[in-house]
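Dear colleague,

Please find below the structure that I am handing over to you, with its sequence. My findings follow directly after it.

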Amino acid sequence: MNMVAEPHHAPVEDSAEFTVRMVPHGATFTAPASLSLLEAALLEGVALPSSCRNGTCRTCVSRLHTGTIRYRIEWPGLSPDEKEEGLILPCVACATSDVVIEPVGLG
Ligand code: FES
């Protein structure tokens, strides 16, 4: 019998890198798993609206069209309904796959 325990939620390797595509204008940038989508965008010179950068002001709010993210903080400033709709806060969200996002600016 194999007794090796597998972790339930294997963390994404910090060295992993994903591709982010922005709609509608189609800019793309690389998002390392260790950086938020906003940090990765700024590093590559891609403009993304932002203000607080800590998940409270909602300036950066975007729609996640495809892909998956994880949050750095426990309670990003989005309601359960908004999360259900696919809204994310890129300043505190890190990619866990290639993603397509659209800034929607509810600020
Ligand atoms: S910049 Fe304030 S919530 Fe993202």
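Buried residues make up 27% of the 107 residues in the chain; a residue is buried if 20 or more other C-beta atoms lie within 10 Å of its own, exposed if 12 or fewer, and partly exposed in between, with C-beta atoms placed from the backbone. Please note that this is a predicted model, in which local features need pLDDT of at least 70 and side-chain atom pairs count only at pLDDT 80 or more, whereas totals for chains, interfaces and linings use all residues. Residues are numbered from 1 along each chain as its sequence is written.

Overall fold

The chain contains two helices and seven strands, arranged from the N terminus as β-β-α-β-β-α-β-β-β. Helices (H or I, at least four residues) and strands (E, at least two) are DSSP runs, numbered from the N terminus. An open sheet of mixed pairing is formed by five strands in the order E2-E1-E7-E3-E5; two strands pair if DSSP finds at least two bridges between them. Strand E2 (28–32) and strand E5 (87–88) stand at the edges with a single partner strand each, so one side of each has no neighbour in the sheet. Strand E1 (residues 17–22) and strand E7 (residues 99–103) run parallel and are joined by three bridges, with Val20 opposite Val99 in E7.

Nonpolar core

The largest nonpolar core has 22 residues, and those touching the most other members are Val20, Leu37, Ile69, Leu89, Ala93, Ala95 and Val99. Such a core is a set of buried Ala, Val, Leu, Ile, Met, Phe, Trp, Tyr and Cys residues joined through C-beta atoms within 7 Å. H1 supplies the largest share of this core, four residues. Not counting residues up to four places away in sequence, Val20 touches Thr28, Phe29, Ala31, Leu37, Ala40, Ala95, Val99 and Ile101; residues are in contact if their C-beta atoms, placed from the backbone, lie within 7 Å.

Val61 lies in the loop between helix H1 (37–43) and strand E3 (62–66), and counts as buried because it has 21 C-beta neighbours inside 10 Å. Its C-alpha is 6.0 Å from that of Val104, 43 residues apart in sequence. Gly105, in the segment after E7, counts as exposed because it has 11 C-beta neighbours inside 10 Å. Leaving aside neighbours within four places in sequence, Gly105 is in contact with Pro49 and Val61.

Yours sincerely

How values were computed: Two residues are in contact if their C-beta atoms, placed from the backbone, lie within 7 Å.
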